[in-house]
Amino acid sequence: MKHLVIGASGQVGHALIKALTEAGHAVGGTYLSHPQPGMVMLNMTDRDAVEAAFANEAPDAVWIPGAMPDVDRCEREPEFSYQVNVEGPKNVMAVARRANIPLVYFSTDYVFDGFDGPYRENDAVHPLQVYGQHKVEAEQALLAYGQTLVVRPAWIYSDEPNPRNFVYRVLSDLKAGKPIKSAADQINTPTPAGPLARHALQALLDGHRGVLHLAGPERLTRLAFVERIAQMAGFPTRTIESISVADLPLPAKRPLNGGLISNHPTYAIQDRLEDLDLSPLLTAP
Ligand SMILES: NC(=O)c1ccc[n+]([C@@H]2O[C@H](COP(=O)([O-])OP(=O)(O)OC[C@H]3O[C@@H](n4cnc5c(N)ncnc54)[C@H](OP(=O)(O)O)[C@@H]3O)[C@@H](O)[C@H]2O)c1
């Protein structure tokens with residue numbers, strides 16, 4: 001089976017390429033601004049370019065981890081967010097529909113307001129910010145195509161030494177002795193990228209369609225998440241300061257009492273933060 005991953009140069013994209021390759025599938029991937037060996041450049045807001053990518057790759061399934069996931073930038077630049085987070089995925093869906101192939105779209109826990117989490121797939125969405133509103137709009141548009149699987153993860157992390165990886169950023173600050181401010185009033189279900197990719201692939205192959213929550217098994221505050229990372233790596237936690245989200249001057253509102261659980265235990269991710277191998281992150285510059 002041939003897969004096309006749009007946004008393969010990102011955190012989830014890398015995990016997808018690895019999971020698909022390890023499972024013996026043929027894979028093509030695209031990047032936008034971070035060139036990667038073997039990948040082609042694609043801006044999914046350009047419908048003609050999406051058509052050309054499909055013509056070249058002839059995929060049997062297409063994945064969209066591609067997005068503008070910077071929630072504060074989306075709040076400041078809503079038109080840009082709309083183009084990337086709504087128009088881009090809609091372009092891909094239109095071409096996938098014509099090719100009659102399944103589509104996996106990565107959404108977010110930010111479709112919920114975080115007043116009373118954790119949330120299940122059938123809970124009502126109520127985003128607090130532009131990013132979440134646009135992800136809801138994309139979800140609804142893509143679900144109109146009956147072969148769409150919408151995967152919602154939350155607070156994704158991995159073992160990749162890349163600044164897009166939250167665990168790597170925390171370890172870099174700890175190594176540099178920089179103080180870290182972390183919110184004690186924001187709670188979520190951190191999600192490891194590798195298992196996320198593998199479980200999403202299994203759901204696709206099983207023919208699962210519609211919305212699927214794929215998040216880690218633990219609900220942690222941002223503060224506890226950061227403290228755990230420090231403890232696992234043997235750093236003292238005294239440089240980590242407990243704050244409230246309201247103390248941070250951020251343009252976009254965050255869901256506070258959030259997190260995801262699922263009505264589909266078959267795909268439940270069991271991997272906890274402690275299962276993450278930190279060595280590639282600790283040895284990286
Ligand atoms: N990170 C999280 O904690 C988190 C939590 C919940 C949900 N999600 C969702 O999960 C998905 C994957 O997130 P991620 O962490 O992997 O994001 P990421 O690391 O920022 O990767 C985003 C990817 O999208 C590509 N891209 C950006 N604009 C594009 C465009 N116009 N056309 C085509 N590709 C474009 C980027 O390419 P270049 O890098 O080459 O520019 C990159 O490959 C997103 O839908 C995000 O909303 C993320």
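Reply: The side chains of Glu-139 and Arg-152 meet in a salt bridge with an N to O distance of 2.7 Å, the term standing for a side-chain nitrogen of Lys or Arg within 4 Å of a carboxyl oxygen of Asp or Glu. Glu-139 lies in helix H5 (residues 130–143) and Arg-152 in strand E6 (residues 148–152), so the pair ties together parts that are 13 residues apart in sequence; helices (H or I, at least four residues) and strands (E, at least two) are DSSP runs, numbered from the N terminus. Glu-139 counts as buried, at 3% relative accessibility, and Arg-152 is buried too, with a relative accessible area of 2%, where buried means under 20% relative accessible area, exposed over 50% and partly exposed in between (1.4 Å probe, protein chains only).

This is a predicted model, in which local features need pLDDT of at least 70 and side-chain atom pairs count only at pLDDT 80 or more, while totals for chains, interfaces and linings use all residues. Residues are numbered from 1 along each chain as its sequence is written, and side-chain values use heavy atoms, with hydrogens and water left out.

The structure holds 12 salt bridges. Another of them joins Glu-57 and Lys-2, at 2.7 Å from N to O, and this pair links distant parts of the chain, with Glu-57 in helix H2 (residues 47–57) and Lys-2 in strand E1 (residues 2–6), 55 residues apart. Glu-57 counts as buried, at 17% relative accessibility.

Glu-218 and Arg-228 also meet through their side chains in a salt bridge, at 3.1 Å from N to O; Glu-218 sits in the loop between strand E11 (210–213) and E12, and Arg-228 in helix H8, 10 residues away. Glu-218 is buried, with a relative accessible area of 10%, and a network of salt bridges links Glu-218 and Arg-228 with Arg-272 and Glu-274.

One salt bridge is counted between domain 1 and domain 2. The domain assignment, which is automatic or taken from a database, gives domain 1 as 2–156 + 191–213 and domain 2 as 157–188 + 218–257 + 272–283. Arg-254 forms a salt bridge with Asp-72, the closest N and O atoms being 2.8 Å apart. Between the two domains, 27 residues of domain 1 are in contact with 21 residues of domain 2, contact meaning heavy atoms within 4.5 Å.
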